[in-house]
Amino acid sequence: MAEANRLGVVIDVSHASDEVLRQTVALSRAPIILSHSGLRAIHDHPRNVSDADALLVASKGGVIQVNAYSGYMISPPAPNPGRDAATKELMAGYMRMDTLSVAEKRALVARRKAIEAKFPAPRADFDMFMAHLLHAIKLVGIDHVGISGDFDGGGGVDGLDDVTAYPKVTAALLKAGYSPADIGKVWGGNALRVLREAQALADPAAVPKVPVTG
């Protein structure tokens, strides 16, 4: 933790346990983020964050970026041996995602979509995503919420499958009464603030400062 702060690295706890999240907030001098998480109050899933922990992250200046990943927003589908076997076989060939070429990643997405089409399962939708987003904003405040589609990791819900649907989110936030300035914070302003604060706390001798604008 201390080394990350020294280097100006923003710490992401979306894949961490609840206890690790709390320890990170306690030990980090810089704000932290949840780069792609839902809200457990909307759907009780261990990968989603509880209200108490979301407030804890926000209390130290952090940001919760709301995910559009169906698996964390809707009850698990009924067992389907065919789908499970096909998915297991697919992923066995992609154990090192960080080494895949762009073409290989596109092939993986295409094959995964083919499996989903062959073995359809209930899928979260845009309204469910907005329920998570609006709950987060009301809970921790507009200065501590962002958005993540997780589109490169299986993300996407009905009505929000890729970035071309992002204007729908802006329209929904405007309809909910949020100002363009508020929405700008959600669309990146808050995350950029965390980056700036992490850099400001870094040891100047450890790493050159990179201007973060926006």
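Strands S2 and S3 run parallel and are joined by four bridges. The model is predicted. Within this pairing, Gln-65 has Gly-146 of S3 as its bridge partner. Strand S3 spans residues 145-148 and is covered on both faces. Val-145 and Ile-147 are buried on one side. Gly-146 and Ser-148 are buried on the other.

Strand S2 comprises residues 63-67, and Asn-67 belongs to this strand. The relative accessible area of Asn-67 is 3%. Asn-67 is therefore buried, since the cut-off for burial is under 20%. Beyond its neighbours within four places in sequence, Asn-67 is in contact with residues from several stretches of the sequence, among them His-36, Ser-37 and Gly-38. Tyr-72, Met-73 and Phe-129 are also in contact with Asn-67. Further contacts of Asn-67 are with Ser-148, Gly-149 and Asp-150. Of these, Ser-148 is one of the buried residues of S3.

Helix H2 was examined next. Leu-21, Thr-24 and Val-25 of H2 are buried. These residues lie on the same side of the helix, because they cover an arc of only 100 degrees around its axis. An α-helix has 3.6 residues a turn, so residues three or four places apart point the same way. On the other side of H2, Ala-26 and Leu-27 are exposed. The buried residues of H2 pack against strand S1 and against helix H3, residues 51-59.

The structure holds one cavity of 30 Å³ or more. The largest cavity has a volume of about 60 Å³. Its lining consists of 13 residues. Val-13, Ala-16, Asp-18, Arg-47 and Asn-48 lie nearest the centre of this cavity. Helix H2 (18-27) and strand S1 (33-37) are the elements that give two or more residues to the lining. By class, six of the lining residues are nonpolar, four are polar and three are charged.

The largest pocket holds about 1,000 Å³ of space. It is lined by 32 residues. Tyr-69, Arg-112, Glu-116, Arg-123 and Gly-154 are the closest of these to the centre of the pocket. Helix H4 (81-92) and helix H5 (102-118) each supply at least two lining residues. The largest share comes from H5, with six residues. By class, the pocket lining has 14 nonpolar residues, nine polar residues and nine charged residues.

How values were computed. Residues are numbered from 1 along each chain as its sequence is written. This is a predicted model: local features need pLDDT of at least 70, side-chain atom pairs count only at pLDDT 80 or more; totals for chains, interfaces and linings use all residues. Side-chain values use heavy atoms; hydrogens and water are left out. Buried means under 20% relative accessible area, exposed over 50%, partly exposed in between (1.4 Å probe, protein chains only). Contact means heavy atoms within 4.5 Å. Two strands pair if DSSP finds at least two bridges between them. On a 1 Å grid over the protein atoms alone, a cavity is a set of points where a 1.4 Å probe fits but cannot get out, and a pocket is an open set with protein on both sides within 12 Å along at least five of seven lines; lining residues have an atom within 4 Å of a point. Grid points are joined across faces, edges and corners, and a volume is the space filled by probe spheres set on the points. Ala, Val, Leu, Ile, Met, Phe, Trp, Tyr, Cys and Pro count as nonpolar, Asp, Glu, Lys and Arg as charged, and the others, Gly among them, as polar. The arc is that of the directions from the helix axis to the C-beta atoms.
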